[in-house]
Amino acid sequence: MSTDPRAAIIRALDECGAQVGDCGHEPGDVDQCDNGCAALLGRYADAILAALDVRTPEFIMAQRDAGWPDMHPEDYCHQCGRRNMSWCAASRDDWLTATSEWASRTGREGICCPECFDQMFRDATGSKPIWMLTRWGVSDETVS
Ligand SMILES: [Zn+2]
Ligand SMILES: [Zn+2]
């Protein structure tokens, strides 16, 4: 299954029949259209991704190759491209268990959002994780 958000948006737009004018291509057949529908759906997808603040895998890979000039590596999920937050799994074991299949596909563990981790954890273990939000680097004594 592709996790490329841009490809998913283009597929969804294509399946609901988005076309240039009334070019007449069948819904789902944008790849066979010669009337500019693929370029149009690409522009729609880019606008939707920008409005939702989602990054594509290609953007994240280019950022990685360039040394992260425009984003911190943890700002976006490297799997779904959505905004990510600072978080960690409860243990390194949990992290490695959940992400091992992804790592074997991508050659690296990457950085993912809690929702993508949740899905990978369910897939890998058959059980579901639960969130616990806590402070980072602040001891109880310093909290008033
Ligand atoms: Zn078309
Ligand atoms: Zn994600």
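Helices (H or I, at least four residues) and strands (E, at least two) are DSSP runs, numbered from the N terminus. By that numbering, Gly-36 lies in the loop between H1 and H2. The structure is a predicted model, in which local features need pLDDT of at least 70, side-chain atom pairs count only at pLDDT 80 or more, and totals for chains, interfaces and linings use all residues. Residues are numbered from 1 along each chain as its sequence is written, while chains are lettered from A and ligands numbered from 1 in the order in which they are written.

**Confidence**

- The mean pLDDT (the predictor's confidence in each residue, from 0 to 100) of the protein is 90, and 93% of the residues score at least 70.
- Where pLDDT is low, the predicted coordinates should not be read in detail.

**Domains**

- Domain 1 covers 5-52 and domain 2 covers 57-125; the bounds come from an automatic or database domain assignment.
- The centres of the two domains, taken over C-alpha atoms, are separated by 28 Å.

**Helix H2**

- Helix H2 runs over residues 37-52, which makes 16 residues, and spans 22 Å from its first C-alpha to its last. This is close to the expected 22 Å at 1.5 Å a residue, where the expected span is 1.5 Å times one less than the number of residues.
- Cys-37, Leu-41 and Ala-45 of H2 are buried. A residue is buried if 20 or more other C-beta atoms lie within 10 Å of its own, exposed if 12 or fewer, and partly exposed in between, with C-beta atoms placed from the backbone.
- Viewed down the axis of H2, the buried residues fall within an arc of 70 degrees and so line one face of the helix; the arc is that of the directions from the helix axis to the C-beta atoms.
- Ala-39, Arg-43, Ala-47 and Ala-50 are exposed on the other side of H2.
- Helix H1 (5-15) is what the buried residues of H2 pack against; two residues are in contact if their C-beta atoms, placed from the backbone, lie within 7 Å.

**Nonpolar cores**

- The largest nonpolar core has 11 residues, including Ile-60, Tyr-76, Trp-102, Phe-117 and Met-120. Such a core is a set of buried Ala, Val, Leu, Ile, Met, Phe, Trp, Tyr and Cys residues joined through C-beta atoms within 7 Å.
- H4 and helix H5 (114-125) each supply at least two residues of this core, and the largest share, four residues, comes from H5.
- A second, separate core has seven residues, among them Ile-10, Val-30, Cys-37 and Ala-45.
- Cys-116 touches Cys-77, Gln-79 and Cys-80, not counting residues up to four places away in sequence.

**Loop residues**

- Asp-53 follows H2 and is found in the loop between H2 and helix H3 (57-66). Its phi is near 60 degrees, a positive value in a residue other than glycine.
- Asp-53 counts as exposed because it has 11 C-beta neighbours inside 10 Å.
- Trp-68, in the loop between H3 and H4, also has a positive phi near 60 degrees and is a residue other than glycine.
- Trp-68 counts as partly exposed, with 13 C-beta neighbours inside 10 Å.
- Gly-36 has 12 C-beta neighbours inside 10 Å and therefore counts as exposed.
- Gly-36 and Ala-7 are 29 residues apart in sequence and 17 Å apart in space, C-alpha to C-alpha.
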